[in-house]
Amino acid sequence: MLEVTNLKVHFTTRQGTGRAVDGVSFHLDRGETLGLVGESGCGKSITALSIIGLHPRPASRIVSGEIELDGESILTLSKREMRKVRGERISMILQDPLTSLNPVLTIGKQVGEPLRLHRNMDKAASRNRVIELLRQLHIPEPETKLDDHPHQFSGGMRQRVVGAISLAADPDLLIADEPTTALDVTIQAAFLAHLKAVQRARGLAILFITHDFSIIAKMCDRVAVMYAGKIVETGPTAELLSSPQHPYTKALLESVPSVDRGTERLNSIGGSPPSIYDLPKGCTFEPRCSYAMDRCRESYPLQFDIGDDHSASCWLLE
Amino acid sequence: MSRPDPIIGVRDLKKHFPVGGGTLLPGRGKKLLHAVDGVTFNLHARETLSLVGESGSGKTTTARMILRLITPTSGRVVFEGEDVADLSGARLKHFRASVQAVFQDPWSSLNPRKRAASIIAEPLVINQPLPKAELQARVEELLAAVGLGPAVMRHYPHEFSGGMRQRIAVARALALNPSVIILDEPVSALDVSIRAQIMNLLRDLQETFHISYLLIAHDLATVRYLSDRVAVMYLGRLVEVAPSEELFENPLHPYTQALIAGSRSTTMVDEEAARLLASDIPSPVKPPSGCAFYARCPVSVAAKSDDPTFYERTVTERPGLIEVRPGHLVACHQFDPKD
């Protein structure tokens, strides 16, 4: 359904050209969840924002590549057409629920907006639909809460409202950028359960951006690991988590603590990611990689297939 | 199990904040927010005790009372046998030097106008004046302890990454050879790949300097990695205290069970359980008179029809913290021997 091919998003600033997204390709089918993981600054969010045409402008622009939704390019759409795509077919949940709601509009207005704009519902119909949506997200007494303002809601409730807005117009694709980092564990569990239920019922495709592997394990069918603007490994979740092939994926998995694992000492990854304004000529992970060879300094590794739908870009796999 | 005297003892600690009444006349309102509502625990030498719980559970307020940054409404904080509230003069200075803190956000906890060297030297300059050369040597020693070279001394906080800043905050906390460091979400503001570095550093420092940590965190994976014992807070009260391994393998309180299930990568909470859990935390302005968790608790909700007497108790009677196994305490009517 969504096909991203060799996407490059570059920033032009006084420091030169920053290759934030540097040749990213992936696909996402109906009813499927793809997890996008990596350290901050690796290009996850810019990739997501460029899909809905909201990457920061004029600082950055899509220099090459293709984004297709159901076989049609969305890069050539006019602003007006793109707005329609954003409302009706793709929606996005941003990281911070406390700042993504308008403080002066009632909850009902905000949840109902996509319905009135994109589904042509009148006031009464949209009101009923909003009540139903809020109820599905376990907001108590939705009939009265509808007329409240965001500050009257707790953080967890606000995030559920943001979830309700993003699902209101019944989109085909949901992009969720760390949707649960601001939530408490119990509220997070409830939110994820709801998202799964909606997905099952409507065949929603989800692009899930997170750095939390426990969420990846629970939510995603496939995972793509990003490093310095490139996808370095991608594969089915269970396989990638149990037998990671790229040294970066391995290092990342060994560096995060887990409730399931206990107190065995963690391996931290030394150094820090390269600047996007000054990427190494060869493999971008080479300076931090414990398996680095001469050839890694010379040229960026090709993508090697390891198994069914599982591939990684590392010379070790040749 | 008898243990030597704790370094810090917290005894029935309460903090009630007045709410309402406007900003001009704060405290005129009649309502009280029960931020911390009767908390008792000990922190022993060389151990890491974690306080876990969701936002608003009173973890940070408890820590601030221990640090004597705010005054408890009632209850006591005992340090080396003395009530912290009674300390003054040299004893207070000793307490301030011995109990240090590292905060969540290394962007706001370091003075942007000071160089790393003077940030780390400040506690020394105030508490134990040293000749310049010795001071410099001590700062270098502290930097080395947190894995930084002397070259960083001349730099300002904005020149450092989050991980380096947190190392500087830790070096400052170590300056006066404290016996206790309160770590308030020490890694949650850091990038995933940096967290392991700081957590390993904290473990190594504890080993080298024999420090006790009181760790405040909401991320259970971090807690499991660093803790010897864990105390779970909910709505200002302790609901379960146990050795870390035991708590994660055999949680007894339904709230602890929900927290752990939510953090595991293997368990997906089902819709019904999710609906219950998603009902929001009751207001600390009007805390329930019975068990604080009853409205979200699957056991209590199931008892509503199956065992009305038990349900009644969860609603009306506040469960006490009972030791069900050596070192494992839980506040839940299910484990109350009165049944």
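Contact is taken here to mean heavy atoms within 4.5 Å. In this predicted model, the contact between the two chains draws on 39 residues from chain B and 40 residues from chain A. The area buried between chain B and chain A is about 3400 Å², and carbon and sulfur atoms give 57% of that area.

Polar interactions also link the two chains. Between chain B and chain A, 15 residue pairs are in polar contact, both residues being at pLDDT 80 or more. On the side of chain B that touches chain A, at least two residues each are supplied by α6 (192-209), α7 (220-226), α9 (254-263) and α10 (271-278) of chain B. Of these, α6(B) gives the most to that side, with 9 residues. By class, the side of chain B that touches chain A has 17 nonpolar, 11 polar and 11 charged residues. The count of salt bridges between chain B and chain A is 2. One salt bridge pairs A:Asp260 with B:Arg264, with the closest N and O atoms 3.2 Å apart. Side chains of opposite charge can pair when their charged atoms come close.

The largest pocket holds about 1100 Å³ of space. Its lining comprises 50 residues, and those closest to its centre are A:Asp212, B:Arg195, B:His218, B:Asp219 and B:Leu220. Elements of both chains contribute to this lining: α7 (185-202), α8 (213-219) and α10 (247-255) of chain A, and α1 (59-66), α6, β8 (212-217), α7 and α9 of chain B, each supply at least two residues. The largest share comes from α8(A), which provides 4 residues of the lining. By class, the lining of the largest pocket has 18 nonpolar, 21 polar and 11 charged residues.

Helix α3(A) makes the largest share, with 5 residues. The lining of the second largest pocket has 12 nonpolar, 6 polar and 3 charged residues by class.

Over all chains, the count comes to 32 salt bridges. Among them is a salt bridge within chain A between A:Asp294 and A:Arg297, whose closest N and O atoms are 3.1 Å apart. Both A:Asp294 and A:Arg297 lie in helix α11 (residues 294-298) of chain A, where they are 3 residues apart, about one turn of the helix.

Two features of the backbone of chain A complete the description. Most residues other than glycine have a negative phi, and most peptide bonds are trans. A cis peptide bond, however, joins A:Arg57 and A:Pro58, with omega about 10°. A:Pro58 is located in the loop between α1 (44-51) and β4 (60-69) of chain A. At A:Asp170, phi is near 55°, a positive value in a residue other than glycine. A:Asp170 belongs to the loop between α6 and β7 (173-177) of chain A.

How values were computed. Residues are numbered from 1 along each chain as its sequence is written. Chains are lettered from A and ligands numbered from 1 in the order in which they are written. This is a predicted model: local features need pLDDT of at least 70, side-chain atom pairs count only at pLDDT 80 or more; totals for chains, interfaces and linings use all residues. Side-chain values use heavy atoms; hydrogens and water are left out. Buried area is the accessible area (1.4 Å probe) that two parts lose on being put together, summed over both. A salt bridge is a side-chain nitrogen of Lys or Arg within 4 Å of a carboxyl oxygen of Asp or Glu. A polar contact is a pair of N or O atoms within 3.5 Å; within protein, one must be able to donate a hydrogen and the other to accept it, and residues adjacent in sequence count only if both atoms are side-chain atoms. Ala, Val, Leu, Ile, Met, Phe, Trp, Tyr, Cys and Pro count as nonpolar, Asp, Glu, Lys and Arg as charged, and the others, Gly among them, as polar. On a 1 Å grid over the protein atoms alone, a cavity is a set of points where a 1.4 Å probe fits but cannot get out, and a pocket is an open set with protein on both sides within 12 Å along at least five of seven lines; lining residues have an atom within 4 Å of a point. Grid points are joined across faces, edges and corners, and a volume is the space filled by probe spheres set on the points.
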